[in-house]
Every structure is written in C-alpha cells, then in structure tokens.
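Q: I would like to learn how to read the local features of a model. Please take them one at a time.

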Amino acid sequence: MSPRQIAVILVALIFIVAAALLIISRDDDGSGDEATTTTSSSATPTTAAPDTTSDIGGGSDDAADPTETTVTTSTTTSVPLSVPINAPLVCTTDIAGAQVVADAADDAVPQLGANSSISTVGLGVVTFGLTVPAAAEASGSAMLACEPLSECYHVTPAAAPGKVSFLVHASTIERVDIVDGPITTRSGIGIGTSAEHLVNTFGDKLERQVVDADTVNLIFVPTDASDADFRVVFTVEDGVVTTYRSGRMPMILQDDPCA
C-alpha cells in the first residue's frame with residue numbers, strides 16, 4: 001500500500017470509532033434521565049385526606065401512616081326504632097332521628113298499652129316526679145326527645161299507643177299530654193268522649209275555663225287533700241274531648257310551659 005492509502009484508511013477508522021462513541025454516549029444519557037425521573041416520581045408522597053372524626057376518637061388511628069389517604073364518615077347517636085311512632089303534636093322533631101334521652105333494657109317488656117290509664121298522678125306506671133331514665137325503666141320503653149334538651153322539654157315513649165308525650169321540667173316528669181289514641185282515664189274518659197258524658201261523670205269536680213268561642217277546658221279538681229297539687233284538663237271542641245292532659249300545678253294549667 002502506498003502511504004496515501006494508509007492515511008485514508010486511518011482517517012476512515014477514526015471517523016467510525018468517533019461515530020460509535022457518540023452513539024454510545026447518547027444512549028447512556030437517555031437511560032440516566034429515565035432513571036432520575038422514575039426515582040423522583042416514586043419519592044413523591046401521597047396527600048392524606050382531612051380527618052373528619054371527632055376528637056374523642058383515638059386508639060390505633062393515631063398510629064396510622066400520615067401519607068396514607070383515608071376516608072372517614074360521620075356517625076349519629078340516633079337509635080333505629082323497631083316500632084312505628086306517631087309523634088304527638090307537641091313534638092316538632094322528626095321521630096326517626098330523635099335523640100334517645102333514656103333507653104330501656106334490651107329485654108324490657110313495654111308497660112304502656114291501650115289498657116294503660118290516666119290518673120291525677122300519671123300515666124300507668126309512669127308517675128309524676130320520676131326522672132326520664134326512671135320512666136324508661138318503669139315503662140319498658142325508650143324515651144325520645146321531641147326537641148333540644150333544656151330546663152323544660154317534651155319526650156315521647158317509643159312504645160306506646162296513640163300520641164303521648166311527657167313534659168320534663170327540672171329533670172322530672174311533671175305532665176302527660178294525650179293528643180290521640182285509645183288511652184283513657186280510669187273512668188273511661190278519652191279522646192272523642194262527649195262533654196255531656198264528661199260532666200255527668202265528674203259533676204261539680206269540674207271547673208270551666210273558656211279558651212275561645214268554640215273551645216273550653218273542663219278541669220278536674222281532686223277533692224282528696226293528697227292530690228291537691230294535681231289536675232286533669234280536658235279540652236272540648238264541638239261538644240267532644242279533642243285532647244286532654246294530667247299533671248302537677250302550675251305546669252298543668254299552662255298551654256305550653258316550655259315556650
């Protein structure tokens with residue numbers, strides 16, 4: 001070979017080697033970028049959802065991974081009822097979601113029924129002066145709040161016929177209102193009883209209080225000294241009893257003592 005041919009071959013080899021090195025260099029740069037991107041992505045933490053549980057929670061939840069996304073739901077203290085409830089007119093709360101003020105034992109047998117009767121001292125086994133938990137225990141029925149709890153509020157028994165509510169004042173039951181249903185007094189006076197029959201039954205033990213042109217209250221006043229603080233008030237419209245209530249003075253004589 002001549003020196004010229006040798007020089008041409010060397011130059012060609014140099015170009016080939018340079019091209020190969022350039023290609024290898026580009027491949028290395030690409031794989032390095034990909035690895036950097038992957039590492040950066042895997043190191044990014046997830047964002048935890050805000051905790052909507054109440055401050056009374058705790059336990060194992062406190063040790064949870066702070067980067068873990070969690071979903072929580074709120075709960076209520078309302079107790080589902082297994083019996084249908086008719087809320088008395090004095091109750092303004094949806095009974096399906098009413099607060100259980102006092103519950104009865106799981107094996108309790110309801111004691112308030114169609115044969116329970118109103119007297120000057122209460123409704124059946126629920127007598128005036130009982131606390132709400134004591135009334136729930138005696139009646140075998142949960143007591144549901146008709147409105148927010150306060151110094152004065154109403155409760156309704158979950159297991160009772162018709163529309164019944166108890167007025168609670170200073171933590172004790174002071175009055176019972178019957179708006180509808182089969183419950184009557186011991187003398188058989190109840191919703192739908194005629195004013196004539198009411199007067200014939202109690203005679204001069206009744207006091208008359210005019211409410212308006214169409215409505216009067218006929219108030220039974222006991223003669224027994226031990227019952228002097230109690231009354232039974234029958235509201236009469238169009239000649240028949242439409243609602244009635246029994247309780248202690250002075251709450252019994254007020255249309256709405258909690259107003």
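Q: Where does Pro 250 lie?
A: Pro 250 lies in the segment after E13. Strands (E, at least two residues) and helices (H or I, at least four) are DSSP runs, numbered from the N terminus. This is a predicted model: local features need pLDDT of at least 70, side-chain atom pairs count only at pLDDT 80 or more, and totals for chains, interfaces and linings use all residues. Residues are numbered from 1 along each chain as its sequence is written, and side-chain values use heavy atoms, with hydrogens and water left out.

Q: Which peptide bond is cis?
A: Start with the general idea. Most peptide bonds are trans, and most residues other than glycine have a negative phi. Here a cis peptide bond joins Met 249 and Pro 250, with omega about 0 degrees.

Q: What is phi of Ala 170 near?
A: Phi of Ala 170 is near 55 degrees, a positive value in a residue other than glycine. Ala 170 sits in the loop between strand E7 (163-169) and E8. Ser 171 lies in the loop between E7 and E8 too. Its phi is near 80 degrees, again positive in a residue other than glycine.

Q: Ala 170: buried, partly exposed or exposed?
A: Learn the scale. Buried means under 20% relative accessible area, exposed means over 50%, and partly exposed is in between (1.4 Å probe, protein chains only). Ala 170 has 39% relative accessibility, so it counts as partly exposed. Ser 171 is exposed, at 53%.

Q: How many disulfides does the count come to?
A: A disulfide is a covalent bond between the sulfur atoms of two cysteines. The rule used is a pair of cysteine sulfur atoms within 2.5 Å. By this rule the count comes to one disulfide. It joins Cys 152 to Cys 258, S to S 1.9 Å.

Q: Why is the disulfide of Cys 152 and Cys 258 left-handed?
A: Read the torsion about the S-S bond. That torsion is about -70 degrees, so the disulfide is left-handed.

Q: How many salt bridges does a search of the whole structure find?
A: A salt bridge is a side-chain nitrogen of Lys or Arg within 4 Å of a carboxyl oxygen of Asp or Glu. The search finds two. In one, the side chains of Arg 248 and Glu 174 meet at 2.9 Å, N to O. Arg 248 lies in strand E13 and Glu 174 in strand E8 (residues 172-180), so this pair ties together parts that are 74 residues apart in sequence. Arg 248 is partly exposed, at 25% relative accessibility, whereas Glu 174 is buried, at 10%.

Q: Which side chain does Asp 177 meet in a salt bridge?
A: Asp 177 meets Arg 175, at 2.8 Å, N to O. Asp 177 and Arg 175 are buried.

Q: Which residues form the negative surface patch?
A: Patches take residues with over 30% relative accessible area and no salt bridge; like charges are joined within 9 Å, nonpolar side chains (Val, Leu, Ile, Met, Phe, Trp, Tyr) within 5 Å. Asp 212, Asp 214, Glu 237 and Asp 238 form the negative patch. Asp 238 is in the loop between strand E12 (230-237) and strand E13 (240-248). Asp 238 is exposed, with a relative accessible area of 73%.

Definitions and conventions. Accessible areas come from the Shrake-Rupley method with a 1.4 Å probe; for residues, only the protein chains shown count as cover. Lys and Arg count as positive and Asp and Glu as negative; His and the chain ends are not counted. The place of a charge is taken as NZ of Lys, CZ of Arg, CG of Asp or CD of Glu.
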